[in-house]
Amino acid sequence: MTILVTGGLGYIGSHTVVELLNNGFDVVIVDDLSNSEKFILNNIEEVAGKKPVFYPFDLKRRELLKQLLDAHKIDGCIHFAAYKAVGESQEKPVDYYENNLFSLINLLQEFKERNISNFIFSSSCTVYGQADKQPIDEDTPLKLPESSYGKTKQMGEEIIKDFATAHHKKVTLLRYFNPIGAHPSAKLGELPIGIPNNLVPYVTQTAAGIREKLNVWGNDYPTEDGTAIRDYIYVVDLAKAHVAALKKLLKEEADTVIDVYNLGTGKGSSVLEVVHAFEAANSVEVPYQICERRPGDITIAYANADKAENELGWKADTSLEEALRTTWQWQKYLEQRQ
Ligand code: NAD
Ligand code: WQD
């Protein structure tokens with residue numbers, strides 16, 4: 001069974017490719033290397049003992065996608081490829097709409113024409129905005145995200161639902177909370193490009209001395225320690241959820257399926273809890289200073305992931321400390337590669 005993984009050299013994609021290979025799937029990757037590097041392909045092979053087929057092209061190039069689909073019989077697709085930087089999406093909204101939506105539409109057009117089903121989409125908890133109650137389950141009303149990035153995820157979900165309904169396809173929307181950590185082999189992880197916006201990459205670079213101090217964005221939130229709360233999910237647990245979701249889709253007998261799952265741990269951690277967990281896990285110090293709130297940030301978001309547990313038989317069970325240990329190992333690997 002052959003699965004097309006778009007963005008398969010990226011952070012979450014590369015971990016998922018390893019899990020797919022470990023579960024006996026053949027994998028064809030498309031990645032334009034806009035936010036990844038070619039050495040990840042070799043590292044996937046080292047970790048999984050098997051090399052996926054790799055096509056380095058931009059999914060906006062529909063003619064290249066056609067060639068790939070002429071050459072391989074594809075049984076399903078996990079679509080990770082997208083631009084994902086929230087701040088950048090505010091500066092370059094049209095680039096985000098173009099990349100994230102045109103890539104998606106090209107895939108769906110081709111799948112419609114070639115009768116390919118079993119489509120899994122990387123969505124995000126950002127589609128919920130600041131929810132009225134916690135934890136957030138899948139029936140929580142969606143709010144229009146503030147960022148153009150977030151809007152591409154919400155629009156993407158709607159496009160995929162219409163595609164499934166009109167063309168009788170099986171699709172799954174996976175709403176990730178905050179992915180963190182790296183592969184236990186320390187051969188795969190998140191590649192730092194520029195100054196990180198996300199908390200864990202910034203904490204890691206501060207511990208490594210690349211950044212002087214972590215800016216903690218606000219300690220006047222209505223939470224126990226005043227800092228904002230998120231649901232940090234270990235990337236390997238997240239990758240495994242994709243395999244579980246794919247297996248379920250492949251087994252479904254109905255021709256039209258629209259599944260939606262939150263992927264989180266079900267536990268919220270504050271910014272300072274993450275900082276202290278990182279320090280404890282790795283016996284390092286993370287200097288920080290308290291700053292004003294970051295505009296657009298919400299106070300709290302954590303998942304009710306019961307639906308994924310009940311229907312996919314999947315649960316995120318890696319601790320925050322363990323995930324943060326792998327992040328530090330990955331940082332050391334990157335340093336010795338330079
Ligand atoms: P990533 O940037 O590491 O991976 C995305 C990959 O897609 C990159 O390797 C990039 O080179 C590739 N890509 C981008 N546009 C492309 C195009 N037009 N054609 C071909 N390849 C293209 O990001 P990630 O963190 O692994 O995220 C994967 C998916 O999960 C994204 O859709 C992202 O929006 C979503 N997501 C991520 C997070 C997170 O915090 N990391 C949270 C929720 C959802
Ligand atoms: C987490 C917490 C910050 C950096 C983003 C996207 C969302 C989703 C996940 C893709 C917040 C605080 C951060 C720093 C800090 N991605 N922080 N100092 O904002 O929950 O979500 O990633 O879909 O769409 O918006 O994640 O890691 O940026 O922040 O204090 O240097 O850490 O204020 O409370 P966020 P994050």
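Reader: Where is leucine 324 placed?

Author: Leucine 324 sits in helix 11. Helices (H or I, at least four residues) and strands (E, at least two) are DSSP runs, numbered from the N terminus. This is a predicted model, in which local features need pLDDT of at least 70 and side-chain atom pairs count only at pLDDT 80 or more, while totals for chains, interfaces and linings use all residues. Residues are numbered from 1 along each chain as its sequence is written, chains are lettered from A and ligands numbered from 1 in the order in which they are written, and side-chain values use heavy atoms, with hydrogens and water left out.

Reader: Is leucine 324 buried or exposed?

Author: Leucine 324 counts as buried, at 0% relative accessibility. Buried means under 20% relative accessible area, exposed over 50%, and partly exposed in between (1.4 Å probe, protein chains only).

Reader: Which residues does leucine 324 touch?

Author: Leaving out residues up to four places away in sequence, leucine 324 touches Ile180, Val200, Val274, Ala277, Phe278 and Asn282. Contact means heavy atoms within 4.5 Å.

Reader: And how many Å apart are leucine 324 and methionine 1?

Author: They are 34 Å apart in space, C-alpha to C-alpha, and 323 residues apart in sequence.

Reader: New topic. How many salt bridges does the structure hold?

Author: There are 21 salt bridges. Each is a side-chain nitrogen of Lys or Arg within 4 Å of a carboxyl oxygen of Asp or Glu.

Reader: Why would side chains pair at all?

Author: Side chains of opposite charge can pair when their charged atoms come close.

Reader: OK, which residue does glutamate 110 form a salt bridge with?

Author: Its partner is lysine 66, and the closest N and O atoms are 2.9 Å apart. The pair links distant parts of the chain, with glutamate 110 in helix 5 (residues 93-114) and lysine 66 in helix 3 (residues 62-71), 44 residues apart. Glutamate 110 is buried at 0% relative accessibility, and lysine 66 is partly exposed at 31%.

Reader: What about lysine 248, which residue is its salt-bridge partner?

Author: Lysine 248 pairs with aspartate 259, the closest N and O atoms being 2.8 Å apart. This pair also links distant parts of the chain: lysine 248 lies in helix 8 (residues 235-251) and aspartate 259 in strand 11 (residues 257-263), eleven residues apart. Lysine 248 is buried, with a relative accessible area of 18%, and aspartate 259 is buried at 10%.

Reader: Which residues do salt bridges with shared partners join into one network?

Author: Arg62, Lys66, Asp70, Glu110, Glu113 and Arg114.

Reader: Switching to helix 6. How many Å should it span?

Author: Helix 6 (residues 148-167) has 20 residues and should span 28 Å at 1.5 Å a residue, and its end C-alpha atoms are 28 Å apart, which agrees. The expected span is 1.5 Å times one less than the number of residues.

Reader: What do the buried residues of helix 6 pack against?

Author: They pack against helix 4 (86-91), helix 5, strand 5 (119-124), strand 6 (170-176) and strand 11. The buried residues of helix 6 include Tyr149, Ile160 and Phe163.

Reader: What comes just after helix 6?

Author: Histidine 168, which takes a positive phi of about 55 degrees.
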